[in-house]
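Me: I'd like to learn how to read a fold from its strands, helices and single residues. Could you walk me through one?

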Amino acid sequence: MFIAELTSEHFAAVVTLANRIHGDNYLDNASLQSMQYQGVKNGINGSFVAVDNAGDIIGYRLSFAAGQWQSDDWCSQELWPVSPDRMAYFKSVGVAVAARGQGVASALLRQSVVALKQQGALGGLAHIWRESPGNAAQRYFSQAGATLLKVHPDKWRHLSESAGYHCPVCGALCRCSAAEMVLVF
């Protein structure tokens, strides 16, 4: 396996993988392109893919550069240990079922942290899907050194109502909660 910067040549495979993991209509080419731009600052890309020896994408990490993403109602800025203009955002991660437990997500996170620090970020925020199988997402992010700030019920419900997102746990109306977590660099 090797880690590579996310480029447009990876979009189709990343969209397919993300929708398989997170549910139908989670990601499309247009939204991925926008997200990829949000991750590039000073010519440094903060988003990456993991590629296996056969050339297949087995994981991805989408990250936004500090100052290039918009805080929302699920962001508790008063709890953040770094200023908002120095806070990057870990938007999404996904690893193919067959590649889980092999350190793929951790390798992607490490590479994103290196790039985000080079861009000038002092920390990274994430909204972790608490209903991931066995709450593995929160465990993995905690093991990386992140701390829990707040839990937000119904974090993705608006996507079900407005964008047709179909949650793999809840179905047509997502009721999943998010753990707002921060990783200080």
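Reply: Happy to; we will go from the sheet to the helices and then to single residues. Keep in mind that this is a predicted model.

Me: How many bridges join E7 to strand E9, and how do the two run?

Reply: Look at bridges for the pairing and at chain direction for the sense. Seven bridges link E7 and E9 (residues 178-184), and the two strands run antiparallel.

Me: What span does H1 reach, from its first C-alpha to its last?

Reply: A helix's span can be set beside the value expected from its residue count. H1 (residues 11-22) has 12 residues and reaches 16 Å, close to the 16 Å expected at 1.5 Å a residue. Just after H1, Gly 23 has a positive phi of about 115°.

Me: Which residues of H1 are buried, and what do they pack against?

Reply: List the buried side first, then look for its partners. In H1, the buried residues are Phe 11, Val 14, Val 15, Leu 17, Ala 18, Asn 19, Ile 21 and His 22. Their packing partners are helix H2 (29-38) and strands E4 (48-51), E5 (57-64), E6 (87-95) and E7 (123-129).

Me: How do H1 and H2 meet: parallel or perpendicular?

Reply: Read the angle between the axes, then the residues at the crossing. The angle is about 110°, with the axes 10 Å apart. H1 and H2 are therefore roughly perpendicular to each other. On the H1 side, Phe 11, Ala 12, Val 14 and Val 15 meet Asn 29, Leu 32, Gln 33 and Gln 36 of H2.

Me: Now single residues. Is Ser 92 buried or exposed?

Reply: Start from relative accessibility, then check contacts. Ser 92, in strand E6, counts as buried because its relative accessibility is 4%, under the 20% cut-off. The side chains of Ser 92 and Tyr 26 make a polar contact at 2.9 Å. Beyond residues up to four places away in sequence, Ser 92 touches His 22, Tyr 26, Tyr 60, Arg 61 and Leu 62.

Me: Strand E8 holds both Leu 148 and His 152. How do I read these two?

Reply: Leu 148 is partly exposed at 44% relative accessibility, whereas His 152 is buried at 6%. The side chain of His 152 makes a polar contact with that of Glu 180 at 2.7 Å. Leaving aside neighbours within four places in sequence, Leu 148 is in contact with Gln 138, Ala 179, Glu 180 and Met 181.

Key:
Residues are numbered from 1 along each chain as its sequence is written. This is a predicted model: local features need pLDDT of at least 70, side-chain atom pairs count only at pLDDT 80 or more; totals for chains, interfaces and linings use all residues. Side-chain values use heavy atoms; hydrogens and water are left out. Helices (H or I, at least four residues) and strands (E, at least two) are DSSP runs, numbered from the N terminus. Buried means under 20% relative accessible area, exposed over 50%, partly exposed in between (1.4 Å probe, protein chains only). Contact means heavy atoms within 4.5 Å. The expected span of a helix is 1.5 Å times one less than its number of residues. Two strands pair if DSSP finds at least two bridges between them. A polar contact is a pair of N or O atoms within 3.5 Å; within protein, one must be able to donate a hydrogen and the other to accept it, and residues adjacent in sequence count only if both atoms are side-chain atoms. Axes are lines fitted to C-alpha atoms, for helices over the stretch in contact, and angles run from 0 to 180 degrees between N-to-C directions. Angles under 35 degrees count as roughly parallel, over 145 as roughly antiparallel, 65 to 115 as roughly perpendicular and the rest as oblique.
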